[in-house]
Amino acid sequence: MCLGCHNIPGYQASFPEVHRVPMIAGQTATYIESALAAYKTGERKHPTMRGVADQLSEQDIKDIAAYYSKLAGEAPAPEKLSREPSPQVAALLQKAACVSCHGANFSKPIDPSYPKLGGQYYDYIAHSLEMYRDGDREHALMSQQAKSLTDQQIADLAAYFGSRQTHLRDLHDVK
């Protein structure tokens with residue numbers, strides 16, 4: 001079922017919100033496992049993903065996570081940023097200390113259960129930050145970081161993360 005959404009170029013979720021489905025090829029297996037487990041328990045709220053995750057055994061989740069984590073290949077994301085952030089975004093990044101969790105170029109998280117943000121779709125990142133800010137998705141650190149963000153700050157951060165060079169891939173780009 002994963003390919004039905006994650007393998008369609010530019011596919012957008014249309015329920016309950018409209019945004020492109022996230023790129024999962026190249027995320028860590030641990031992150032994918034934790035996301036699927038959170039959908040299964042209802043901790044992460046998305047009706048379609050809840051329905052999919054409910055049907056998966058623990059072994060299914062491990063197998064799916066291992067498969068997608070290896071799809072982008074072994075090429076590491078660049079260590080250095082390909083372009084510097086605007087002064088406004090730089091201030092937000094420093095205030096929230098994003099690199100301290102999401103790592104170099106926002107593609108080398110310090111904990112494998114944290115997502116790679118570099119190169120992820122702008123609208124998916126914006127949607128996720130809005131969910132953390134508005135209390136629709138809970139994470140002790142992210143909820144705290146996002147609660148004071150304005151819509152414009154979320155848009156600026158999402159655009160910046162989405163512009164990073166990365167090894168996250170649309171599944172249709174994977175050979």
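Contact here means heavy atoms within 4.5 Å of each other. What follows describes a predicted model, in which local features need pLDDT of at least 70 and side-chain atom pairs count only at pLDDT 80 or more, while totals for chains, interfaces and linings use all residues. Residues are numbered from 1 along each chain as its sequence is written, and side-chain values use heavy atoms, with hydrogens and water left out.

To start with the overall picture, the protein has 9 helices and 2 strands. Helices (H or I, at least four residues) and strands (E, at least two) are DSSP runs, numbered from the N terminus. Going along the sequence, their pattern reads α-β-β-α-α-α-α-α-α-α-α. Of the 175 residues in the protein, 44% are buried; buried means under 20% relative accessible area, exposed means over 50%, and partly exposed is in between (1.4 Å probe, protein chains only). Among contacts with a separation of 6 or more, 68% come from residues 24 or more positions apart.

The buried residues of α2 are Y31, I32, A35, L36, A38 and Y39. Seen down the axis of α2, these buried residues fall within an arc of 160°, so they line one face of the helix (the arc is that of the directions from the helix axis to the C-beta atoms). As background, an α-helix has 3.6 residues a turn, so residues three or four places apart point the same way. The cover over the buried residues of α2 includes α3 (47-54), α4 (58-70) and α7.

Y31, in helix α2, counts as buried at 15% relative accessibility. Setting aside residues up to four places away in sequence, Y31 touches R44, P112, S113, Y114 and P115. That stretch of chain also brings in K116, which is 85 residues from Y31 in sequence but 8.9 Å from it in space, C-alpha to C-alpha.

Helix α4 tells a similar story. At 1.5 Å a residue its 13 residues should span 18 Å, and its end C-alpha atoms are 19 Å apart, which agrees. I61, I64, A65, Y68 and S69 are the buried residues of α4. Viewed down the axis of α4, they fall within an arc of 125°, so they line one face of the helix. Covering them are, among others, α1 (3-6) and α2.

Y124 sits in helix α7 and is buried, with a relative accessible area of 9%. Beyond its neighbours within four places in sequence, Y124 is in contact with H19, R20, P22, Y39, R44 and R137. With R20 the sequence gap is 104 residues, yet the C-alpha atoms are 5.9 Å apart. R137 itself lies in the loop between α7 (122-134) and α8 (140-146), and at 7% relative accessibility R137 counts as buried. Leaving out residues up to four places away in sequence, R137 touches Y39, R44, Y124, S128, M131, Y132 and S143.

Finally, helix α9 has 12 residues and reaches 16 Å between its first and last C-alpha atoms, close to the 16 Å expected at 1.5 Å a residue. I154, A155, L157, A158, Y160 and F161 are buried in α9, and the buried residues of α9 pack against α5, α6 (98-102) and α7. The axes of α5 (residues 87-96) and α9 (residues 151-162) come within 10 Å and cross at roughly 90°. Axes here are lines fitted to C-alpha atoms, for helices over the stretch in contact, with angles running from 0 to 180 degrees between N-to-C directions. The two helices α5 and α9 are therefore roughly perpendicular to each other, a label for angles of 65 to 115 degrees (under 35 is roughly parallel, over 145 roughly antiparallel, and the rest oblique). V89, L92 and L93 of α5 meet Q153, D156, L157, Y160 and F161 of α9 in this contact.

D151 is 25 residues from A126 in sequence and 8.7 Å from it in space, C-alpha to C-alpha.

Methods: Expected span 1.5 Å × (residues − 1).
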